[in-house]
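This report looks at how parts of one protein chain are held against each other in a model. Please keep the sequence and the structure in view while reading.

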Amino acid sequence: MKAADLIAARTPEWTALEGDISWLRAARGRRLEPARGADFPRRYRAACSDLALATGMRFPAGTTEYLQQLVADAHTQLYRIESFSILAWLRSLLVDVPRRTITDPCTWIAAAVFWGLFGGAIVATWLRPEFAVEVVGDGMLANCEAMYAERPGSGGFTAARAGMAGFYVFNNAGIGLKCFAGGILFGIGSLVTLAFNGLVLGTVFGHMLASPVAANFGEFVTAHGPFELTAIVLSAAAGLRLGWALVDTRGWSRAESLRRTAPEALGTAGLATVLFFMAAFVEAFISPSTLPWSAKAAVAIASTALMVAFFIAGWIVGGRAADAG
């Protein structure tokens, strides 16, 4: 087929692609038409093939330049980076992330693993005290008891509190990062790290709550516990989501499946990071303070209620938006 015949045959598709580009430019901030959006990548790939053919068959210079510009404009629309929008960011944070997190099976798997081992370890320690020694060792238990030998707040607030907040952020972030990064090992790393933390923390909690310093320990961990433990679960859930993308690729390559799933996993991981920061603040300034235990318990209850309301509101609002769409 001659170049002129090819150009004549392909021109309607190029014109259609031009129309798609104009439509996409005008559609920013508005709802896109699914059918037209699905046709656009196909036309873009066809134009790329046409450009390669035009170069090989030495199409007229004007046609080749036209195709180069057409492909460049289509590429920009296909891989465009949206400008930052406060409203879009808030919607993602307050609606998309909580709804996606609470409806993700990985979240419930992570919660079942962590809380199952955490609660089981507490019960096992109460029923069989030597269980704690077998799991974490005498040295760690002795250090824990020595750490909480005095009542929280006995030394009052000190200038070191801000430094301790930084330490807690670093320590908590390290736990969360291990849970999340382990997902790259097909999710196994996240499950192992989560299971380890659930078992060890549950064992320590069980031992300390039955020890002579139980009141001091309970008073210290009450306020920041909800934020911190929930953040650990969410970090592992994000890692599991990454790992599952490597197992069930939905027909894509593993690299492409990971790329497509990463934004969802990072949203959950980002939420976990926020909770870790909140836990670190509470752990540094409220948990060791002179406030009575009742006030610290009120902080824990308020923290739990805030998280529950956050997830429920995101689920309801996101569900309505999905139904409306």
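## Salt bridges

A salt bridge is a side-chain nitrogen of Lys or Arg within 4 Å of a carboxyl oxygen of Asp or Glu. The side chains of Arg 128 and Glu 134 meet in such a pair, at 2.8 Å from N to O, and Arg 128 is partly exposed at 36% relative accessibility, where buried means under 20% relative accessible area, exposed over 50% and partly exposed in between, with a 1.4 Å probe and protein chains only. The whole structure holds 11 salt bridges.

This is a predicted model, in which local features need pLDDT of at least 70 and side-chain atom pairs count only at pLDDT 80 or more, while totals for chains, interfaces and linings use all residues. Residues are numbered from 1 along each chain as its sequence is written, and side-chain values use heavy atoms, with hydrogens and water left out.

Which residues are linked in a network of salt bridges? They are Glu 13, Asp 20, Arg 42 and Arg 43. Arg 42 pairs with Glu 13, their closest N and O atoms being 3.5 Å apart, and this joins helix α2 (residues 34-56) to helix α1 (residues 3-26) across 29 residues; helices are DSSP runs of H or I with at least four residues, numbered from the N terminus. Both partners are partly exposed, Arg 42 at 38% and Glu 13 at 22%.

Arg 43 forms a salt bridge with Asp 20, with the closest N and O atoms 2.7 Å apart. Because Arg 43 lies in helix α2 and Asp 20 in helix α1, the pair ties together parts that are 23 residues apart in sequence. Here Arg 43 is buried at 16%, and Asp 20 is buried at 2%.

## The nonpolar cores

A nonpolar core is a set of buried Ala, Val, Leu, Ile, Met, Phe, Trp, Tyr and Cys residues joined through side-chain atoms within 4.5 Å. The largest one has 41 residues, of which Ala 110, Phe 114, Met 208 and Ile 232 touch the most other members. Among the elements that give two or more residues to this core are α5 (105-127), α9 (188-209) and α12 (254-285), but the largest share, nine residues, comes from α11.

A second, separate core of 17 residues includes Trp 14, Ile 21, Leu 24 and Phe 59.
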